[in-house]
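Open the structure in your viewer and keep the selection panel at hand. The stops below say what to select next and what is there.

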Amino acid sequence: MRLWFVLLLVPVLRADELTQKMTARVSEEAEAFQRLAPEVLGQETLHQRSMKPAGRFHPRIGNGAPPKPEYQDRTIVSEYGFTALSGADLHEIRQVISVDGKKIEDQKKAQDALAKAISANDDGRKKALLKQFEKYGLLGAVTDYGQALLLFTRRNLEQYEFTAKGSNYLNGVSVLVFGYRQLDGPETVTLIEEKKNDQVKHLRIEGEVWVRGDNFVPVRITIMARQGFDAEQVREEAAIDYAMSQYGALLPVKTEHRETRGGKIAAENDFSYTEFKKFGASSDITFDTGK
């Protein structure tokens, strides 16, 4: 009986040990990202497929069934970076350079303008850029997934319950998968209900952290949040992939996001991030290619 108890306890201890190693490495990488992120610019390409809002008039078709939902596809290319407002948490910030293939801004001018906005102590200027997506009529656009790694800084770890879930493969690399569930702290996802007079709801999250099996460096973070039930349920899901940059810290590679409402897809957003460069904090922006 005693021997059986010892054998049963071994995998439990092993799982706890793996989880401790994972959280230690992930929090270390999160803090390295936090130091680097405000000093780099990249290019973001967003491909979005979203449901158009229902029109005011609904013609009857056949037996009176409502018309099928219509979708629209958009492609937005932006210069992309991270900034903090009055010392608060980091946010994504963008300067749009093209919409559906139509040029909006010269790339070099957009880089310079964005770098100066990040470096300046001007919250008004930063907030204007944060809202720029709305100008181009995007539906269900999501922001602030690129810095998902910051969910797991050392000071935030106690807000989550972690569970070892086994192994998997990502891009041919063996990874360990850990589930997490938010137990405490501020709700992470903000949901704005346009059909309910822009009612704002804050949701707690759960998901997975995928780390390399050899060194526990995080390569993917998934996030899921939901509100309501059955036909009224809104579900937000995202997967953010990271890779080590030439600057010694992780940066996002891509984000895949899906929003469903009542079990139907309302929006799908695929972000990709490339060409990250480090910039100086002076008014004459100089890009360091790392060579």
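**A pair of rings**

Select Phe33 and Tyr242: both are buried, that is, under 20% relative accessible area, where exposed means over 50% and partly exposed in between (1.4 Å probe, protein chains only). This is a predicted model, in which local features need pLDDT of at least 70 and side-chain atom pairs count only at pLDDT 80 or more, while totals for chains, interfaces and linings use all residues. Residues are numbered from 1 along each chain as its sequence is written, and side-chain values use heavy atoms, with hydrogens and water left out.

The ring centres of Phe33 and Tyr242 lie 6.5 Å apart with the planes at 85 degrees, so the pair is edge-to-face. Rings of Phe, Tyr and Trp (its six-membered ring) pair if their centres lie within 6.5 Å; planes under 30 degrees apart count as stacked, over 60 as edge-to-face and the rest as tilted. Phe33 sits in helix α1 and Tyr242 in strand β11 (residues 234–244), 209 residues apart. Helices (H or I, at least four residues) and strands (E, at least two) are DSSP runs, numbered from the N terminus.

**A second pair**

Next, select Tyr160 and Tyr180. Their ring centres are 5.7 Å apart and the planes stand at 85 degrees, so this pair is also edge-to-face. Tyr160 belongs to strand β5 (residues 160–170) and Tyr180 to strand β6 (residues 173–182), so the pair ties together parts 20 residues apart in sequence.

**The largest core**

Select Met22, Leu149, Phe152, Tyr180, Val211, Ile221 and Ile223. Of the 48 residues in the largest nonpolar core, these touch the most other members. Such a core is a set of buried Ala, Val, Leu, Ile, Met, Phe, Trp, Tyr and Cys residues joined through side-chain atoms within 4.5 Å. Helix α1 (residues 2–36) gives the most to this core, with seven residues. Another core, of six residues, lies apart from it and includes Leu41, Ile93, Ala115 and Phe279.

**A buried charge**

Which strand holds Glu79? Select strand β2 (residues 71–84) to find Glu79. Glu79 is buried yet has no salt bridge, and the nearest side chain of opposite charge, Lys277, is 6.0 Å away. A salt bridge requires a side-chain nitrogen of Lys or Arg within 4 Å of a carboxyl oxygen of Asp or Glu. Lys and Arg count as positive and Asp and Glu as negative; His and the chain ends are not counted.
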